[in-house]
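Visitor: I would like to learn how to read a protein model feature by feature. Please take the general idea of each feature before its case here.

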Amino acid sequence: MSTLKLIRIGAWAAVAALAAAAGVLVYQQATGSKNAGALIEPLAAIGGPFELVNGNGETVTDKDFAGKPLAIYFGFTYCPEVCPTTLTEMQGWIESLGPDADRLNFLFVTVDPERDTPNVMRDYVAAFDKRIVPLSGSREQVDAVVKTYRVYAKKVPLDDGDYTMDHSAAVFLMNSDNRFVGTIAYGEDEENALKKLRRLIDNAPKTS
């Protein structure tokens, strides 16, 4: 079995474990299980403050998105399939939510800042939906947010001397207090994804 395949298996296993843990937490909280608190602390450690650069070259932080829930996806523009597919799905969610989509922040954060400069990210995301915010930054800034959100991301050399990136494929869902509440898995049924997003919206404070 190739090294690249082994890396990908490990990445998918990590994503699956995260999604399963998030699902258990949501179920326990919904049913009022007395064991719900057992998972809250480690999952609450996902997410936190960050500083990145948007598609216009402006420095932004988590505070610029405060007050609205977040749907955050980590990927890269050279991604051949998973990233464009996920952004296309995100575009579909935005359209299905209608005006309620404006009560969420949708972010696309690169894990490959050497190639994904702010301009590259801006032009790439423009092909999907202008409400998806492209975020890049220095290697240090990106490494910090990847660590903060417990994202799997690894550079994988290719035979031709180029490289690709293996990375977590889930969309991270954060409430309006920037606390982790779950994920939308890659390829998840659209109806399930929309239910999760609408739950985020319903639980968020309404703004004037």
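Guide: Strand β5 (residues 132–136) has 4 of its 5 residues buried, so the rest of the structure largely encloses it. Buried means under 20% relative accessible area, exposed means over 50%, and partly exposed lies in between (1.4 Å probe, protein chains only). Helices (H or I, at least four residues) and strands (E, at least two) are DSSP runs, numbered from the N terminus.

Visitor: What should I know about the model and the numbering?

Guide: This is a predicted model, in which local features need pLDDT of at least 70 and side-chain atom pairs count only at pLDDT 80 or more, while totals for chains, interfaces and linings use all residues. Residues are numbered from 1 along each chain as its sequence is written, and side-chain values use heavy atoms, with hydrogens and water left out.

Visitor: How many helices and strands does the protein have?

Guide: The protein has 6 helices and 9 strands. Of its 208 residues, 45% count as buried. Contact means heavy atoms within 4.5 Å. Among contacts with a separation of 6 or more, 70% are between residues 24 or more positions apart.

Visitor: Which strands are joined to β5 by bridges, and in which sense do they run?

Guide: Two strands pair if DSSP finds at least two bridges between them. Strand β1 (residues 51–54) runs antiparallel to β5 and is joined to it by 2 bridges; V53 has S136 as its bridge partner in β5. Strand β4 (residues 105–110) runs parallel to β5, with 4 bridges, and V109 stands opposite L135.

Visitor: How do I read the two sides of a strand, and which way do the residues of β7 point?

Guide: In a regular strand the side chains alternate between the two faces of the sheet. In β7, Y163, M165 and H167 point one way, T164 and D166 point the other way, and all are buried. That is 5 of 5 residues, and β7 is mostly covered. β6 and β7 pair in the antiparallel sense over 5 bridges, with D166 as the bridge partner of K154. Their hairpin has 5 residues between the strands, and there G161 takes a positive phi near 95°.

Visitor: Is H167 buried or exposed?

Guide: H167, in strand β7 (residues 163–167), counts as buried because its relative accessibility is 11%. A polar contact is a pair of N or O atoms within 3.5 Å; within protein, one must be able to donate a hydrogen and the other to accept it, and residues adjacent in sequence count only if both atoms are side-chain atoms. The side chain of H167 reaches the backbone oxygen of F74 at 3.1 Å. Not counting residues up to four places away in sequence, H167 touches residues including C79, C83 and A153. The C-alpha atoms of A153 and H167 are separated by 4.1 Å, although the two are 14 residues apart along the chain. A153, in strand β6 (residues 153–157), counts as partly exposed because its relative accessibility is 33%.

Visitor: How many disulfides are found in the whole structure?

Guide: A disulfide is a covalent bond between the sulfur atoms of two cysteines. The criterion is a pair of cysteine sulfur atoms within 2.5 Å, and a search of the whole structure finds 0. C79 counts as buried at 9% relative accessibility, as does C83 at 0%.

Visitor: How do I read a helix, and which residues of α3 are buried?

Guide: An α-helix has 3.6 residues a turn, so residues three or four places apart point the same way. In α3, the buried residues are V82, C83, T86, L87, M90, W93, I94 and L97. Seen down the axis of α3, they fall within an arc of 125°, so they line one face of the helix; the arc is that of the directions from the helix axis to the C-beta atoms. α3 is followed by G98, with a positive phi near 65°.

Visitor: Which residues of α6 are buried, and what do they pack against?

Guide: A193, L194, L197, L200 and I201 are the buried residues of α6. They cover an arc of only 115° around the axis, which puts them on the same side of α6. They pack against β3 (70–75), α3, β8 (171–174) and β9. The face turned away from the buried side carries the exposed residues E191, D202 and N203. At the N-terminal end, D189 caps α6, with a side-chain oxygen 3.0 Å from the backbone nitrogen of E191.
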